[in-house]
Every structure is written in C-alpha cells, then in structure tokens.
Amino acid sequence: MMKKLLWLWGAASVAALVWGTRLALFVAPTEATMGNVQRIFYWHVPSAIMGLIFPYVNFIAALVYLGLRRKKPAGALKADALALAAAEVTLVFVSIGLITGMLWGRASWGIWWTWDERLTTYLLLWLLYVSYMLVRRFSSTGQTHTLAAVISVFAAIDVPVVYMSIRWWRTQHPSPVFFGGKDSGIDPSMMPAFLWCLLGWAMWGVFLLCLRYGLERRRQTIAYNTALRAVEVGLEGNA
Amino acid sequence: MMMTPIAMILLDGMQAASGDLSPDTPLEHRHLILAYAAVILIQAGYAGWVVLQRLRLKQHK
C-alpha cells in the first residue's frame with residue numbers, strides 16, 4: 001500500500017513538473033532585460049530552495065540519531081537512514097543550483113563564477129555535503145555516523161548564512177526575489193509557472209527522500225541479518 | 001504565441017547538441033537548453049541509481 005502511494009506521489013510530482021515546465025517555457029512572458037535565458041529561473045530557484053530545506057531534514061535526523069544511539073539503537077538506525085537520504089537529496093539539489101546558476105551567470109553576467117557571498121556560502125554548503133558523503137563512504141573509525149552528524153550541524157549553520165547573504169551584503173547575485181522588501185517580487189504573470197515548478201520539485205524531492213530512505217532501511221536490515229547469521233555460525237562453531 | 005521563440009531555442013539546442021556550435025547560436029539559448037538538460041540528467045540519474053540499488057537488494061533476498 002505504502003509502496004503504491006509512493007509511486008503515485010512520484011507520478012504526481014512528474015505531472016506537476018511537466019505542467020510547470022510547460023508554463024515556464026511556453027506561457028510565461030520573456031523577461032525584458034535577460035531574454036529567454038531568464039527561464040532558467042523556473043528550475044534554478046526551486047532547486048536552490050530545496051537545497052536549503054533538505055539540510056534541515058538531515059540536521060534533525062542527525063540530532064535524533066545522536067540522541068537515540070545509546071538508548072534506542074533501532075530508532076537511531078531509522079534516523080540515520082533518513083539523515084543519509086536527506087544528505088544525498090540535498091547534494092542533488094545543491095549541485096543543480098550551482099550548475100544552473102553558473103549557466104545562467106555566464107549568459108547574463110558574462111562570467112561562470114564570482115566569489116561573492118551568496119555563491120561562496122552555497123559552494124561551502126555543497127562542499128560540506130560532499131564531505132558528509134565521503135565520511136559516510138570511507139571513514140573506518142567506528143564513529144562514522146557521529147562524525148557525519150557533526151558535519152550536518154555545520155551545514156545547518158551555513159544554511160541561514162546562505163539565505164541571508166544577499167540581504168546582508170551587496171552581491172553580484174541578484175537581491176532577493178521573494179521576501180526582499182518593497183522592490184522585490186516577480187511579475188504576477190510569471191508566478192503560476194514558478195509556483196507549479198516549486199510544487200513539482202518539492203514533491204519530487206520528497207519522493208526521492210522516501211525512495212532513498214527505503215533503500216537504506218533495506219541495506220540496514222540485510223547488514224543486521226548478515227551479522228546475526230555470522231554470530232549464530234560462530235556460536236555453533238564453539239558448541 | 002510563445003511557440004516561435006521556443007521553437008527557435010529548441011532548434012538552437014539541437015544544433016548545439018549535434019556539435020554545431022556556430023556563432024549564430026545565441027549563448028542564452030544554448031545555456032537555457034543546457035541548464036534544463038543538466039537538471040533532467042542529474043535528477044533522472046540519481047533516481048535511476050536508487051531504483052537500480054533497490055532492485056539489486058531485492059535480488060539479494
């Protein structure tokens with residue numbers, strides 16, 4: 001039942017994305033100064049927003065893991081699976097935010113990259129999650145999950161700095177489009193395309209999160225069963 | 001109404017994809033196509049990888 005619901009959710013997210021993309025490419029008006037390249041906005045901004053939301057799923061799951069690891073190891077494993085899934089989904093969205101941003105920047109500013117505060121703090125977030133994945137993959141200290149949880153805390157600290165960077169400093173990156181005061185906002189005719197794309201990518205992100213969480217839980221179960229079998233074989237050998 | 005510029009963009013994108021990066025292809029069109037293609041590639045690639053891993057684990061059972 002849950003499996004069916006998940007795939008239904010995935011299909012609904014694709015439908016929302018198709019509709020949003022149709023609006024973004026064929027219905028929304030062409031922006032006056034940048035021209036058609038501004039249409040990157042409809043996928044760039046929702047991806048960047050998702051890249052700032054999923055780190056908190058990762059952060060909360062990491063905190064739950066740290067809190068439960070001694071008292072309730074089974075619950076801690078669930079939290080750890082969710083933390084890993086959220087980290088991967090974050091990395092996907094942040095990578096997309098960086099790549100689409102660079103493609104947009106090259107076409108509208110004439111440069112691929114500049115070390116302004118928004119871009120640098122966002123790159124830092126990406127590097128933190130790359131470090132997170134590397135620690136998960138290669139650390140053999142026995143404290144891997146705890147180390148990864150600490151990186152999650154650093155990433156959660158970086159997220160508000162990324163968000164506020166274009167409010168605190170004058171940057172090459174445009175000033176806030178939303179919640180940026182009187183002069184912010186987009187033309188109302190662009191709003192439906194943006195909102196559909198935002199909804200679609202949010203739903204897709206949740207779909208990926210659930211899909212990846214299910215995979216990690218299966219891996220944990222198999223690892224647990226394998227370890228249990230090894231112990232049983234060991235006990236039989238001793239007897 | 002917007003079909004013409006989008007058709008133009010798609011044509012430019014196809015030219016760029018076929019290796020014909022002539023100076024006539026506007027940079028903005030190429031980059032718009034590249035950005036959308038990159039997003040689809042990364043998202044579909046990741047989702048595909050997760051689904052494949054799930055199938056592999058199912059076989060493991």
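The model is predicted, so local features need pLDDT of at least 70 and side-chain atom pairs 80 or more, while totals for chains, interfaces and linings use all residues. Residues are numbered from 1 along each chain as its sequence is written, chains are lettered from A in the order written, and side-chain values use heavy atoms, leaving out hydrogens and water.

**Stop 1: the cavity.** Select A62(A), Y65(A), D80(A), A83(A), Y132(A), R136(A), H145(A), A148(A), A149(A) and S152(A), which line the largest cavity. (A cavity is a set of points on a 1 Å grid over the protein atoms alone where a 1.4 Å probe fits but cannot get out; lining residues have an atom within 4 Å of a point.) It holds about 40 Å³. The lining divides into 6 nonpolar, 2 polar and 2 charged residues.

Now colour α2 (41-68), α3 (73-108), α4 (117-138) and α5 (144-168) of chain A: each gives the lining at least two residues. (Helices are DSSP runs of H or I, at least four residues, numbered from the N terminus.) The largest share, 4 residues, comes from α5(A).

**Stop 2: the interface.** Bring up chain B: 28 of its residues are in contact (heavy atoms within 4.5 Å) with 39 of chain A. About 3100 Å² is buried between them, 73% of it from carbon and sulfur atoms. (Buried area is the accessible area, 1.4 Å probe, lost on putting two parts together, summed over both.)

Methods
On a 1 Å grid over the protein atoms alone, a cavity is a set of points where a 1.4 Å probe fits but cannot get out, and a pocket is an open set with protein on both sides within 12 Å along at least five of seven lines; lining residues have an atom within 4 Å of a point. Grid points are joined across faces, edges and corners, and a volume is the space filled by probe spheres set on the points. Ala, Val, Leu, Ile, Met, Phe, Trp, Tyr, Cys and Pro count as nonpolar, Asp, Glu, Lys and Arg as charged, and the others, Gly among them, as polar.
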